[in-house]
Amino acid sequence: MLNAISPIDGRYRSKVESLAQYFSESALIRYRVRVEVEYFIALCELPLPQLADLNKQLDTLAPKLRAIYENFTDENALEIKEIEATTNHDVKAVEYFLKRHFDALGLQTYKEFIHFGLTSQDINNTSVPLSIKECHEQVLLPRYEAILNMIEEKAQEWKDIPMLAHTHGQPASPTSLGKEMEVFAYRMRQQMKQFEQIPFGAKFGGATGNYNAHLAAYPDRDWREFGNAFVKNHLGLERQQYTTQIENYDNMAAYFDLCKRLNVILIDFCRDIWTYVSMEYFKQRIKAGEVGSSAMPHKVNPIDFENAEGNLGLANAIFEHLSHKMPISRMQRDLTDSTVSRNVGVPIAHTLISLASIEKGLGKLLLNEQAIANDLENNWAVVAEAIQTILRSVGYPNPYETLKGLTRTNTKVTAQTIAEFVETLEVAPEIKERIRKITPSNYLGYKL
């Protein structure tokens, strides 16, 4: 770990260890083996004439075949890498590895149906989206949901805490702390709904997407129908109907863009919490032995939110490149998508690091109600909006200009200032009484 070039595999490895089963070199190889095995089983299910005998044995044969990828080990991955050293082709190495296993299972007669009619991208463009899909369902989405739930819990916990709002950095109409937390929860929730609308697409159609070889060998088969069923039923993906040699990557780009939007919301959240900490609206729990600053003993820095912001920025820079680059390929294909797609786990890793930091930071926050209350009490000018709006409602002449004159002086506006002003108003007694009841801490509108 000390010699790792990337902090993902060094300093932060413990936070992203779960991603190794989806995006490591060994994981990619295992997904390729899985797709090849499932494809062979699907050919037996048809069955192709030469595989008719195996069709009758599938109840016992399929579990043995699936065990090849279900029990896949790092030693198996190394074996494939050794084959690749000779073939100089990663997917062909998987094919040769499986042929060895077929020999061991007594399936020598059938091993030429491994990778039958396929090109490498039929394997890669199912393996990579499958790894993203399973990571999304099992790791990333639950972590986004965990942060969303934490923010929603804080929104409920703090819904009755009045807080001075700031627009353009200046004191503005009061709000509640809970409602401001709910803004972020609402934004996340709205975006996360869109995950359900983005299919995990796959390319599966031969060398240039037309099933040329399949149709040449078996012209009486409906290979499009077969491909649709195989990709859906065996892999849980959605086959793209018209492609070149590679998948179109449009759905994958949409997925990356959605992750990016969620991360932007969380960057906004981290910056707001950081600012509230700097205003002393929040203090932070101190862990025994921790040092806030190497030089200033008094400091407890909001490092969790800073760490999260930095890693979210890194994640989004890579998500942006992936979503922009991957859908672009010269004519029927070039190789640029191959090297780029190997990095899909990198922005997800930076996102996970960020989510862990946000979770830790939220757990350390201590509400400083006195500081929040003091800020409200020191800014009585913010009730001017309420007063002038009430005056408008009863036809008082030039209410905005009247309040502007009151609040834009060099004299600090206080509760006493407002009380004295109210006494000068020529309005009905009940209107005066309604105005007198307004304070910075109760002029909140809807709290949540």
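## Packing of α3 against α5

In this predicted model, helix α3 (residues 25-45) and helix α5 (residues 58-70) have axes that come within 8 Å and cross at roughly 165°. Angles over 145 degrees count as roughly antiparallel, and α3 and α5 are therefore roughly antiparallel to each other. The crossing in which α3 passes α5 is right-handed.

On the α3 side, the contact is made by Arg-30, Val-33, Arg-34, Val-37, Glu-38, Phe-40, Ile-41, Cys-44 and Glu-45. The α5 side contributes Leu-58, Ala-62, Leu-65, Arg-66, Ile-68 and Tyr-69. Sorted by class, the residues in the contact of α3 with α5 comprise 10 nonpolar and five charged residues, with no polar ones.

Ser-131 lies in helix α8, which covers residues 120-157. The relative accessibility of Ser-131 is 4%. Because buried means under 20% relative accessible area, Ser-131 counts as buried.

When residues up to four places away in sequence are not counted, Ser-131 touches Tyr-22, Phe-23 and Tyr-31.

Helix α15 is formed by residues 345-364, 20 residues in total. From its first C-alpha to its last, α15 reaches 29 Å, close to the 28 Å expected at 1.5 Å a residue.

Helix α15 is also mostly covered, with 16 of its 20 residues buried.

Terms used
Residues numbered from 1 in each chain as written. Predicted model: local features only at pLDDT ≥ 70, side-chain atom pairs only at ≥ 80, totals over all residues. Heavy atoms only, no water. Axes fitted to C-alpha atoms, helices over the stretch in contact; angles between N-to-C directions. Helix = DSSP H or I, 4+ residues; strand = E, 2+ residues; numbered from the N terminus. Parallel < 35°, antiparallel > 145°, perpendicular 65-115°, else oblique. Left-handed = near helix turned anticlockwise from the far one by under 90°. Contact = heavy atoms within 4.5 Å. Nonpolar A, V, L, I, M, F, W, Y, C, P; charged D, E, K, R; others polar. Buried < 20%, exposed > 50% of the residue type's maximum accessible area, 1.4 Å probe, protein only. Expected span 1.5 Å × (residues − 1).
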